[in-house]
Amino acid sequence: MEHTIRTLKMEDLPYLEAMQTGIEDDYVKRIFERLVTTENNRLFGLFLGEGLASVCGYTIFAGSYAMIGRIRSDIRYRGKDLATKLTAHVLKAAFELPDIQWVGANTQEENAPARRVLEKLGLYEHPPLYGATTKDLAQFAGDAPEWLELLDAGRKKEWLERLYIKPGAVFPYECYYLFPASEALFSAEKIAEWQFFENASKDRMLILKKDFKKHYYLHAVYPWNDLFGQPGLWETIFAAYRHYAAQVEEEAFVWMDLSKEQAASLPEGHSFELPSAWVLYGVSRNSFNMMKNDSLSSVGKHD
């Protein structure tokens with residue numbers, strides 16, 4: 001059966017609601033209007049005849065990054081490689097935007113089918129990370145002095161350049177959304193909005209960011225493996241979390257993107273929830289352009 005791929009509009013909501021995805025309380029239905037009407041989101045559908053068989057879209061971050069997501073397929077049409085065809089289309093569409101320099105997707109480490117799709121499309125794998133959350137940091141905090149807040153913008157930029165931009169390391173831009181670092185991620189507004197802290201010896205740095213993704217989060221960014229070897233680190237996070245939790249009306253959590261090495265260093269009986277690790281896949285514009293012309297045309301074509 002011939003398929004058609006097109007951008008979804010508000011009047012396509014009944015097609016989405018008619019899909020049999022096996023997903024209970026699908027959040028995409030709840031935010032469908034935002035996904036199809038806001039400038040930084042696009043949602044695409046693959047139709048077989050009159051039925052919507054697969055959905056996929058992207059969201060733009062920091063003007064230069066696009067994250068593919070919201071992938072779901074009707075179980076009645078599985079086994080036809082439709083998700084791969086649609087994801088290939090979305091990948092191409094994202095790079096048709098002149099400002100986009102990198103496109104990626106996040107999937108759980110255990111989701112082998114999704115990982116095969118992303119690898120087939122030429123996306124590169126980054127090391128897995130846990131989106132670890134807790135609201136009980138008292139067990140980690142002692143009486144060590146808190147780190148001093150860093151207010152000098154130049155010093156903040158030095159840290160970001162050394163730790164993330166020069167090595168092209170993955171930076172946790174928001175909860176759930178991590179990107180290979182570039183200047184585009186670190187606008188003056190963002191640097192001013194985030195809190196930076198430095199230890200007494202000035203060889204360690206902590207970033208704290210406020211975020212909301214269904215819940216309120218204090219997003220703590222600390223890239224070293226010595227989570228329990230730096231006096232004052234947890235005291236600093238704990239103090240900021242208590243202040244933040246007192247400000248918001250609903251429950252608040254601390255979020256940390258932990259490598260496997262960091263997660264393994266957590267003490268027995270720790271309070272962090274560690275769901276399945278997530279794997280970031282992505283490709284830069286330069287690498288995408290270097291792919292053979294037929295590498296994507298074999299799995300999906302533009303309308």
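Modeller: Lys-190 and Glu-193 both sit in helix α7, three residues apart, about one turn of the helix. Helices (H or I, at least four residues) and strands (E, at least two) are DSSP runs, numbered from the N terminus. This is a predicted model, where local features need pLDDT of at least 70, side-chain atom pairs count only at pLDDT 80 or more, and totals for chains, interfaces and linings use all residues. Residues are numbered from 1 along each chain as its sequence is written, and side-chain values use heavy atoms, with hydrogens and water left out.

Biologist: What do the side chains of Lys-190 and Glu-193 form?

Modeller: An α-helix has 3.6 residues a turn, so residues three or four places apart point the same way. Here the two side chains of Lys-190 and Glu-193 meet in a salt bridge at 4.0 Å, N to O. The term means a side-chain nitrogen of Lys or Arg within 4 Å of a carboxyl oxygen of Asp or Glu.

Biologist: How many salt bridges does the structure hold?

Modeller: There are 15 salt bridges. One joins Arg-115 and Glu-125 at 3.0 Å, N to O. Arg-115 belongs to helix α5 (residues 112-120) and Glu-125 to strand β6 (residues 124-125), so the pair ties together parts that are 10 residues apart in sequence. Arg-155, Glu-158, Glu-198 and Lys-202 are linked in a network of such bridges.

Biologist: Is Asp-74 buried or exposed?

Modeller: Buried means under 20% relative accessible area, exposed over 50%, and partly exposed in between (1.4 Å probe, protein chains only). Asp-74 has 0% relative accessibility, so Asp-74 counts as buried. Its salt-bridge partner is Arg-76, with the closest N and O atoms 2.6 Å apart; Arg-76, at 46%, counts as partly exposed.

Biologist: Which side chain of opposite charge is nearest to Lys-156?

Modeller: For charge, Lys and Arg count as positive and Asp and Glu as negative, while His and the chain ends are not counted. Lys-156 is found in helix α6 (residues 153-165). The residue is buried yet has no salt bridge, and the nearest opposite charge, on Glu-149, is 6.0 Å away.

Biologist: Which residues of α6 are buried?

Modeller: Lys-156, Trp-159, Leu-160, Leu-163, Tyr-164 and Ile-165 are buried in α6. They cover an arc of only 155 degrees around the axis, which puts them on the same side of α6. The arc is taken from the directions from the helix axis to the C-beta atoms.
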